[in-house]
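Reader: I would like to go through this structure label by label. For each label, give me the value, then the cut-off, then the conclusion.

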12 protein chains.
Amino acid sequence: MADVSYRPADIGAAIASGSFRTDGMIVAPCSARTLSAVAYCTGDNLLTRAADVTLKERRPLLLLMRETPLTLGHLRAMTAVTESGAIVMPPVPALYLRPGAVDEIVGHTAGRALDLLGVDVAGLPRWGGTEPAN
Amino acid sequence: MADVSYRPADIGAAIASGSFRTDGMIVAPCSARTLSAVAYCTGDNLLTRAADVTLKERRPLLLLMRETPLTLGHLRAMTAVTESGAIVMPPVPALYLRPGAVDEIVGHTAGRALDLLGVDVAGLPRWGGTEPAN
Amino acid sequence: MADVSYRPADIGAAIASGSFRTDGMIVAPCSARTLSAVAYCTGDNLLTRAADVTLKERRPLLLLMRETPLTLGHLRAMTAVTESGAIVMPPVPALYLRPGAVDEIVGHTAGRALDLLGVDVAGLPRWGGTEPAN
Amino acid sequence: MADVSYRPADIGAAIASGSFRTDGMIVAPCSARTLSAVAYCTGDNLLTRAADVTLKERRPLLLLMRETPLTLGHLRAMTAVTESGAIVMPPVPALYLRPGAVDEIVGHTAGRALDLLGVDVAGLPRWGGTEPAN
Amino acid sequence: MADVSYRPADIGAAIASGSFRTDGMIVAPCSARTLSAVAYCTGDNLLTRAADVTLKERRPLLLLMRETPLTLGHLRAMTAVTESGAIVMPPVPALYLRPGAVDEIVGHTAGRALDLLGVDVAGLPRWGGTEPAN
Amino acid sequence: MADVSYRPADIGAAIASGSFRTDGMIVAPCSARTLSAVAYCTGDNLLTRAADVTLKERRPLLLLMRETPLTLGHLRAMTAVTESGAIVMPPVPALYLRPGAVDEIVGHTAGRALDLLGVDVAGLPRWGGTEPAN
Amino acid sequence: MADVSYRPADIGAAIASGSFRTDGMIVAPCSARTLSAVAYCTGDNLLTRAADVTLKERRPLLLLMRETPLTLGHLRAMTAVTESGAIVMPPVPALYLRPGAVDEIVGHTAGRALDLLGVDVAGLPRWGGTEPAN
Amino acid sequence: MADVSYRPADIGAAIASGSFRTDGMIVAPCSARTLSAVAYCTGDNLLTRAADVTLKERRPLLLLMRETPLTLGHLRAMTAVTESGAIVMPPVPALYLRPGAVDEIVGHTAGRALDLLGVDVAGLPRWGGTEPAN
Amino acid sequence: MADVSYRPADIGAAIASGSFRTDGMIVAPCSARTLSAVAYCTGDNLLTRAADVTLKERRPLLLLMRETPLTLGHLRAMTAVTESGAIVMPPVPALYLRPGAVDEIVGHTAGRALDLLGVDVAGLPRWGGTEPAN
Amino acid sequence: MADVSYRPADIGAAIASGSFRTDGMIVAPCSARTLSAVAYCTGDNLLTRAADVTLKERRPLLLLMRETPLTLGHLRAMTAVTESGAIVMPPVPALYLRPGAVDEIVGHTAGRALDLLGVDVAGLPRWGGTEPAN
Amino acid sequence: MADVSYRPADIGAAIASGSFRTDGMIVAPCSARTLSAVAYCTGDNLLTRAADVTLKERRPLLLLMRETPLTLGHLRAMTAVTESGAIVMPPVPALYLRPGAVDEIVGHTAGRALDLLGVDVAGLPRWGGTEPAN
Amino acid sequence: MADVSYRPADIGAAIASGSFRTDGMIVAPCSARTLSAVAYCTGDNLLTRAADVTLKERRPLLLLMRETPLTLGHLRAMTAVTESGAIVMPPVPALYLRPGAVDEIVGHTAGRALDLLGVDVAGLPRWGGTEPAN
């Protein structure tokens, strides 16, 4: 349903340049390898190039890191990108909203991600005051 | 369904002592506050005391950190507990297994957590070779 | 004169959730203990929970740290929250504005704090070019 | 062609105060000494004072560091100001745009600097998809 | 036998203020939790407040840390308080003095602690030249 | 009212030598620039030279840092001087003493500073047990 | 009562080789000098060589560090060996077990040390739920 | 002679999943590039994916790093994987065993590697007490 | 005009071995990705292999890093290679020499790079005493 | 001319115990090896043991480090002992006092060392205001 | 076959002084203990003294570290000496040269070591372009 | 007796440019302020500019740091310049050569400094094997 899509090898695409204006970038899901390529600037495809540009231009970059459990290597890369300005958001389901189906979980995670970029999502369920566990 | 359960204030319970033998400990879900209390040894209840004992005795400690997105503060605490020997495991759903219901997601996360402690879980779905995204 | 006020124990209040929109948060005065709870994510009340949410959502968080003199412990916590995105602002009076009364000092500090959150304060005295000491 | 200009010794100028509103600040060219004065807060003139104020108010600060090659001392100061919120931008010419004259190089660098502060520059050449070297 | 004693909750006691003169402070025994609360300034009772004040005023603070074995978390907190000026003294018995009873051990530890604060303890057994093991 | 005063350029004054005995030194107010010059030993006037000597001789050095809000650069310099043995004391007014006039605030701050150097100040108001905020 | 004993100079003993199987090693008591020799690999006798081998083979190594109070130097060495995989255990007496004689203290410490290596000690007193101090 | 072998590109193989049980993993020989890919999680083939999984599951991972001499870059990567739980083992020949042929050297290195994974190797020569050089 | 040239995939070329004698190596231009591959030893082609060998043999390695502006990730990689012995030289034009054409800029940068490797370049314009800006 | 002197091997001497009261300790001259033994607690003779005790008791310890030039290894050890509370004082001659003979240099250095321990030395030449070079 | 040889205790030998000119120094084999003594300046014999002098004079120092596998302690010492200017070279055999006998391995390692010191070794086998494994 | 000399303000002198060839630079004596200006790149005169250029061109830079005793601030600056490639050499007299006059001390220090730059000094006294103290 995307308006535009690129192949990873299309390193010369518009989004690979800071002069192309964007509101930010979301990587979903984000593997440990992509996370590390952004953290240490070792990437070689359009995805990691565009993420690097997003950080260079100081625009929001959101990484839905799906790896679990975490090694010290993952945590160091997560810390490094956070210090560089990115937001690491593991797609943990918000069970306190008592989702009835898997789609609700996916939808809520997508909604929160867009929320963090300042994109208003109609109908996003919001927490209304239940007591958190431990 | 637990055989034994304690209140957080029951600081004198058996599990608060290293001389009580256990195979390890799972904190599920684990809030940022509990994670930090374990990371920095600032806790004041049975849960954090037992986690500290688990680390002292060099037994497995698994923390299902549910907070998302992550701040630098969360990442530092996650790194500190990992360096101290704990395993941080955000309960990210394994969507590549194409779960049909929320219960499957919860069950799979529980199964993987027990797997990491060496507890054999019958019927735990296991990855059989699909291609990871990006 | 606040529109809404909560008790510290009211952990389930709207401001404890990132889905509740705010322009930022000011803690005034901010004790060393609250500062540290925010820095290390060890807090257990609404104030520290809301501050953690503010950092998670990358909104402005301003801490009017009143402790003095400072220990290495205070400075490490001040550094940690600053690295996490907060602004530490000790309420030092702007004596170069030659305040005539204690209320002027309090008012000017409040004005500068709001200024940093982007809230326009009518009549806020502004520095017009005097020479700074040493 | 500037509307207003100050001498370095004019430490009492309006831009030396956070209460004077600006959209940010560009230092061009930026010597290693000015960079370090901003990084370590050791400056003693209007330029470094205004840069410090820009960081205090969390406004964009852009440093066109011209020194080359770089020593470990330069890199540490560049890292320190970046961690404090500034943007270090060595004025490296964008040769992939195939500039025909020195003025084009200077103009493009100025344009990109303003771009980073959110100032729209008419006619700024923008990258349209060529393949980057190695 | 103390001249004065306070409850932990008595946060407004005289010793909670730096303006009350003391020769220093001994915490005996000192749990991992109290140690950490002092190290990271997260404490909420009179004991940790008074310890923080002692460090602020640069007076001697002695912590008889009783936890054993030690995790990385304990060691980091022990290092942090030592860097802040405190003295960490695990109450290890001086077996080379060949104590005949438990009371002798306790008495000797108390004597050494007071010694470190400059309080002269009559009859404190002192080492007279035996050969240390390995 | 000082017995002796020097100009900043008087680098050869008695207080520039460690062989001249003093009980310590107070810098009030202390700008970010002076703080940094002491922290990094980059100073070039009598004030910073005398402060460096005070640290070399391991005598008390008190810095009434007036800058606010704080950048990461300020915090690093504050941490560095504290690790070198100085005491950083932002002149935050003790509002819990309910001062009636600006002079009382200035007087109390001066009194506390002298207190930290071991100089007894007659009539210094001292905290008598009120409850601290949050 | 040992089955085998070596002199410190017997650098060619079986336990100096990783190919000799052991369940781990306990150093009791452990001086600051031995601790540091293990931490920094500077040792020159059988004891430190065997400890280094134990760490190389990733087997349990337990150090009953008896030094007290602790300097920053001790704490750094304790941290370094802990990061390398050893367990530092100051032989602090478990007074909450209300030992009646010095031998009980020594016996309990020995029992806990063996416990940590997985050696079952019959009759080791175990904590049964008393309330910890502060 | 292996029972099973995979191509590097076979990213979907069983060993790429933590749910496939193994006793650990040996990389022999291990290039600087593979070492770094494991250390920083930047790998893109089955080998590095399987190594990452081995660390995630906290199983033994042994890297026979063959690069020599070492740069600071190699040492940092070696340190990072060691902190993450791997064992770095440069295949240095045990000349003190006076091997008569190259095959003996290779065989002994393989034997020691398996030894570290707990695999018993019949006939592995073991050190019997010779004096180490310098 | 080169005497010899290799393809990036030609990993077995002479320059990939330290035993092939060279006077050093220049990478021009050097992308962020190549810089990082050298910094973290993650490269997989002849260019990064040869650069790693140059560092191993402690020969001069010069990287004409063209990326701008810089993220924290770029700066960390620049710092890491500098600590490993490389020289990072952003190709910033020497405008104080008042170049008349783009070719002069390119030629001067090339000349300085060769200068740093000890290669004498006839006719290289050299600075003769103009005053540096700010 | 000393009242008491010990051999380095006399590890059981009175000064090897903290319970023996001293005003501090001076090591003159101090070799790099002794400095490091104190910094890292690896010493094995009376000198290093007494220095360790001096640091444990938080008494003044002065090291007249004579090594020159300095390696990174020397500087790290000098920094470590300084952080532990010692004072490193290279016996650099005070040429600005225009000494006429070698004995004057030695005498002045000894005088300054005693000065730092609070021992009054009659006739110690003191700096009276000459201008420092560069 | 050496022209000159010294005993380790011969601390007064010519090579213990920087004023004796050498082209560098090779330690072969180098134990973990010698490596650490050089890294931390704790050595007490001619070998470590001469190595320290080599680093002080900024001459090449090559350490053929034979220890394997490596602990964190070894890696830290290896990193420290590398940062101080030494070259750590584990004597890993170059199997890609397909050595036919143990002597070839020893000879090749010696040849490479001399190569790194700039000593030309006739007949040293050199890599001619084979493909490296993984 | 110098061939050429410059005033500190002569920032445009030949030695302020890397294109002017030198064999290195000696700063004698070197104050703490000059050391720090070189370490942190904050200098504003010809001396510090020329030192910065010397480091940029990777030529030898020798600093005869005369400050004593040393603060943590001095040690950090000494460490920073050493990591950047400079050599810090406190002009400690070589008393083991038993100098008869102050001039001999000055001459020997100058000789050793030139020695380190590779300048041969006729008649420089050299150590011939005396035993070093402790």
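Author: Take A:Arg98 to begin. Its relative accessibility is 72%, so A:Arg98 counts as exposed. The model is predicted, so this value is computed from it.

Reader: What makes A:Arg98 exposed rather than partly exposed?

Author: The label exposed needs a relative accessible area over 50%. A:Arg98 has 72%, so it is exposed.

Reader: Where does A:Arg98 lie, and what is its phi?

Author: A:Arg98 sits in the loop between β3 and α4 (102–116) of chain A. Its phi is positive, about 50°, although A:Arg98 is not a glycine.

Reader: Which label does K:Arg58 get for its accessibility, and why?

Author: K:Arg58 has a relative accessibility of 35%, so it counts as partly exposed. Buried needs under 20% and exposed needs over 50%, with partly exposed in between. K:Arg58 also has a positive phi, about 55°, and is not a glycine. Its place is the loop between α2 (46–56) and β2 (61–65) of chain K.

Reader: What makes the bond between A:Thr68 and A:Pro69 cis?

Author: The omega value goes with the label: omega is about -5° for the cis peptide bond joining A:Thr68 and A:Pro69. Most peptide bonds are trans. A:Pro69 lies in the loop between β2 and α3 (72–83) of chain A.

Reader: Which residues does the cis bond in chain E join, and where is E:Pro29?

Author: A cis peptide bond joins E:Ala28 and E:Pro29, with omega about -10°. E:Pro29 is placed in strand β1 (residues 25–30) of chain E.

Reader: Why is strand β2 of chain A called mostly covered?

Author: Five of the five residues in β2(A), residues 61–65, are buried. Buried means under 20% relative accessible area. A:Leu61, A:Leu63 and A:Met65 point one way, A:Leu62 and A:Leu64 the other way, and all are buried. In a regular strand the side chains alternate between the two faces of the sheet.

Reader: How do you know that β2(A) pairs with β1 and β3 of chain A?

Author: Two strands pair if there are at least two bridges between them. Strand β1 (residues 25–30) and β2(A) have four bridges, in the parallel sense. Two bridges join β2(A) to strand β3 (residues 87–88), also running parallel. A:Val27 has A:Leu63 as its bridge partner in β2(A). A:Leu62 stands opposite A:Ile87 in β3(A).

Reader: What makes β1 and β3 of chain C edge strands?

Author: The open sheet has three strands in the order β1-β2-β3 (chain C), with parallel pairing. β1 (25–30) and β3 (87–88) each have a single partner strand, so one side of each is left without a neighbour in the sheet. Two bridges join β2 (residues 61–65) to β3(C). C:Leu63 has C:Val88 as its bridge partner in β3(C). Helix α4 (residues 102–116) of chain C packs on the sheet and touches β1, β2 and β3 of chain C. The directions of α4 and β2(C) make about 155°.

Reader: Why are α1(C) and α2(C) called oblique?

Author: The axes of α1 (residues 32–40) and α2 (residues 46–56) of chain C cross at roughly 45° and come within 9 Å. Roughly parallel needs an angle under 35 degrees, and roughly perpendicular starts at 65. That makes α1(C) oblique to α2(C). α1(C) passes α2(C) in a right-handed crossing. C:Thr34, C:Ala37 and C:Val38 of α1(C) make the contact with C:Leu47, C:Thr48, C:Ala51 and C:Leu55 of α2(C).

Reader: Which residues have the most contacts inside the largest nonpolar core?

Author: They are C:Met78, E:Met78, F:Met78 and G:Met78, in a core of 264 residues. Leaving aside neighbours within four places in sequence, C:Met78 is in contact with residues including C:Leu35, C:Met65, F:Leu75 and F:Met78. In soluble globular proteins, nonpolar side chains tend to be buried together.

Reader: How far apart are the closest C-alpha atoms of chain F and chain I?

Author: They lie 15 Å apart, and no contact joins the two chains. Contact means heavy atoms within 4.5 Å. Chain A and chain J have no contact either, with their closest C-alpha atoms 26 Å apart.

Terms used
Residues are numbered from 1 along each chain as its sequence is written. Chains are lettered from A and ligands numbered from 1 in the order in which they are written. This is a predicted model: local features need pLDDT of at least 70, side-chain atom pairs count only at pLDDT 80 or more; totals for chains, interfaces and linings use all residues. Side-chain values use heavy atoms; hydrogens and water are left out. Axes are lines fitted to C-alpha atoms, for helices over the stretch in contact, and angles run from 0 to 180 degrees between N-to-C directions. A nonpolar core is a set of buried Ala, Val, Leu, Ile, Met, Phe, Trp, Tyr and Cys residues joined through side-chain atoms within 4.5 Å. Buried means under 20% relative accessible area, exposed over 50%, partly exposed in between (1.4 Å probe, protein chains only). Angles under 35 degrees count as roughly parallel, over 145 as roughly antiparallel, 65 to 115 as roughly perpendicular and the rest as oblique. A crossing is left-handed if the near helix is turned anticlockwise from the far one by less than a right angle, and right-handed if clockwise.
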